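Hi,

Here is the structure I promised to send over. Have a look at it first, and then read on for what turned up.

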Amino acid sequence: MLQGAVTHEDFEGHKGTIEAGDLQWMTAGRGIVHSEMPAGQGTQKGLQLWINLSSKHKMIEPRYQEITSKDVSEAAKDGIKVRIIAGEALGIKSPVYTRTPTMYLDFTLNPGSHMQQPIPVSWNAFVYILEGEGIFGNSRSSPITAHHLLLLDGSGDGLEAWNKSSKSLRFILVGGEPLGEPVVQFGPFVMNSQEEIDQTVEDYDNCTNGFEKARHWKSESTSVFGY
């Protein structure tokens, strides 16, 4: 969460409110029904990332991790601060376990600072700029401003960024190991074939094969999703 708060619950009994700076990491696995709604009035702002599971892991039991802001791993050096949601940066690792190898880093660069972050060559990765403007990839490149996304080509050793402006630069760097498998998606369900999607929808409708607890569970909020 970047601003405000969200109340969440699911049919496994996980329930709570995450506020600005907090994070949750849910692995849907074979299926889970989950609800989330804004907590209170005003602006609620956050980032949500969906990561696919390999075919061999799609039917694992659901797993949930929640970390409050004070327990999120952080590192700082030479005008650079990074909150390590997943993966590793500046020698510090996140406690979040990701079934698919993933990095999710929240960088803040002070004016005049320069950073380098290794990324495995085979990984897909992107940058999303939250605040300020920065130069990425090459020091002679044009500045990129907030709310733009940069898709990295994966041919180098990682990411370089410069803040040559007079204000702070904040962006997230997200990367992951490609699965190299077919993807078939329907609503919130992601499988490897249409036949698997059809079976998953049938399981959800009939509360079977992982969705048994959905039959008698009711959320106290009004926005409910099955994964």
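The secondary structure of the chain amounts to one helix and 20 strands (DSSP runs numbered from the N terminus, helices being H or I with at least four residues and strands E with at least two). Please keep in mind that this is a predicted model, where local features need pLDDT of at least 70 and side-chain atom pairs count only at pLDDT 80 or more, while totals for chains, interfaces and linings use all residues. Residues are numbered from 1 along each chain as its sequence is written, and side-chain values use heavy atoms, with hydrogens and water left out.

Six of the strands make an open, antiparallel sheet in the order β6-β7-β10-β17-β12-β15 (two strands pair if DSSP finds at least two bridges between them). β6 (73-77) and β15 (149-151) are at the edges with a single partner strand each, so one side of each has no neighbour in the sheet. Within this sheet, β10 (residues 102-109) and β17 (residues 169-176) run antiparallel and are joined by eight bridges. F107 stands opposite F171 in β17.

The unreviewed UniProt entry annotates residues 104-210 as "domain: Pirin C-terminal"; positions follow the numbering used here, feature names are shortened, and annotations may be inferred rather than shown by experiment. That span is 12% helix and 44% strand, and its end C-alpha atoms lie 29 Å apart.

As for the whole chain, its C-alpha atoms fill a box of roughly 55 × 40 × 30 Å along the principal axes. Of its 227 residues, 41% count as buried (under 20% relative accessible area, with a 1.4 Å probe and protein chains only).

Best wishes

Technical notes: Buried < 20%, exposed > 50% of the residue type's maximum accessible area, 1.4 Å probe, protein only.
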